[in-house]
Amino acid sequence: MLHFIQNVLFHMLIEVIEPNWHQFESQLRTARTVDGLITLHDKFLMKSLKACLLMNPDHLEQMTVLMNLCSEFSSMMQKLYG
């Protein structure tokens with residue numbers, strides 16, 4: 001379970017958010033107004049959410065179920081060995 005969570009976090013942080021953030025930072029120089037900045041930020045968020053599979057309700061529900069299972073398993077292990 002720990003391996004699964006680590007891989008999901010690695011994918012989201014290193015393979016999705018970090019490259020999107022660098023792209024967002026480089027595009028900041030082109031924003032002339034606050035509205036332009038907001039538009040760039042919205043694009044960054046949408047692109048990141050989509051790549052993390054959090055835009056599709058079915059994927060989000062499945063991810064939530066998996067994370068809850070991992071959390072329940074962790075709680076049971078703490079009760080058993082803690």
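How far is the sulfur of Cys-52 from the closest cysteine sulfur, and which residue holds that closest sulfur? The legends below, written for a predicted model, begin with this question and then turn to other parts of the chain.

**View 1. The cysteines Cys-52 and Cys-70.** The closest cysteine sulfur to that of Cys-52 belongs to Cys-70 and lies 17 Å away, which is too far for a bond. Because a disulfide requires a pair of cysteine sulfur atoms within 2.5 Å, the count of disulfides by this rule comes to zero, and Cys-70 is likewise in no disulfide. Cys-52 is buried, with a relative accessible area of 5%, and Cys-70 also counts as buried, at 7% relative accessibility.

**View 2. The largest nonpolar core.** Five residues make up the largest nonpolar core, namely Val-8, Met-12, Val-16, Cys-52 and Met-63. Helix 1 gives the most to this core, contributing three residues. In soluble globular proteins, nonpolar side chains tend to be buried together.

**View 3. Asn-20 and Phe-24 in helix 1.** Asn-20 has its place in helix 1, which covers residues 2-28, and Phe-24 is found in helix 1 as well. Asn-20 is buried, with a relative accessible area of 11%, because residues under 20% are counted as buried. Phe-24, at 6% relative accessibility, also counts as buried. When neighbours within four places in sequence are left aside, Asn-20 is in contact with Phe-44, Lys-47 and Ser-48, while Phe-24, treated in the same way, is in contact with Leu-37, Leu-40, His-41 and Phe-44. The C-alpha atoms of Phe-24 and Ser-48 are separated by 11 Å, although these residues stand 24 residues apart along the chain.

**View 4. A nonpolar patch on the surface.** Leu-9, Phe-10, Leu-13, Ile-14, Ile-17 and Trp-21 form a nonpolar patch on the surface, and together they have about 530 Å² of accessible area. One of these residues, Leu-13, lies in helix 1. Is Leu-13 buried or partly exposed? With a relative accessible area of 47%, Leu-13 is partly exposed, because this class lies between the 20% limit for buried residues and the 50% limit for exposed ones.

**View 5. Leu-53 and Leu-54 in the loop between helix 2 and helix 3.** Leu-53 is found in the loop that lies between helix 2 (34-51) and helix 3 (57-81), and Leu-54 lies in the loop between helix 2 and helix 3 as well. Leu-53 has a positive phi of about 65° although it is not a glycine. Most residues other than glycine have a negative phi. At 44% relative accessibility Leu-53 counts as partly exposed, and Leu-54, at 27% relative accessibility, also counts as partly exposed. Leu-54 touches Met-12, Leu-49 and Leu-60, if residues up to four places away in sequence are not counted.

Notes
Residues are numbered from 1 along each chain as its sequence is written. This is a predicted model: local features need pLDDT of at least 70, side-chain atom pairs count only at pLDDT 80 or more; totals for chains, interfaces and linings use all residues. Side-chain values use heavy atoms; hydrogens and water are left out. Helices (H or I, at least four residues) and strands (E, at least two) are DSSP runs, numbered from the N terminus. Buried means under 20% relative accessible area, exposed over 50%, partly exposed in between (1.4 Å probe, protein chains only). Contact means heavy atoms within 4.5 Å. A nonpolar core is a set of buried Ala, Val, Leu, Ile, Met, Phe, Trp, Tyr and Cys residues joined through side-chain atoms within 4.5 Å. Patches are made of residues with over 30% relative accessible area and no salt bridge: like charges are joined within 9 Å, nonpolar side chains (Val, Leu, Ile, Met, Phe, Trp, Tyr) within 5 Å. Accessible areas come from the Shrake-Rupley method with a 1.4 Å probe; for residues, only the protein chains shown count as cover. A salt bridge is a side-chain nitrogen of Lys or Arg within 4 Å of a carboxyl oxygen of Asp or Glu.
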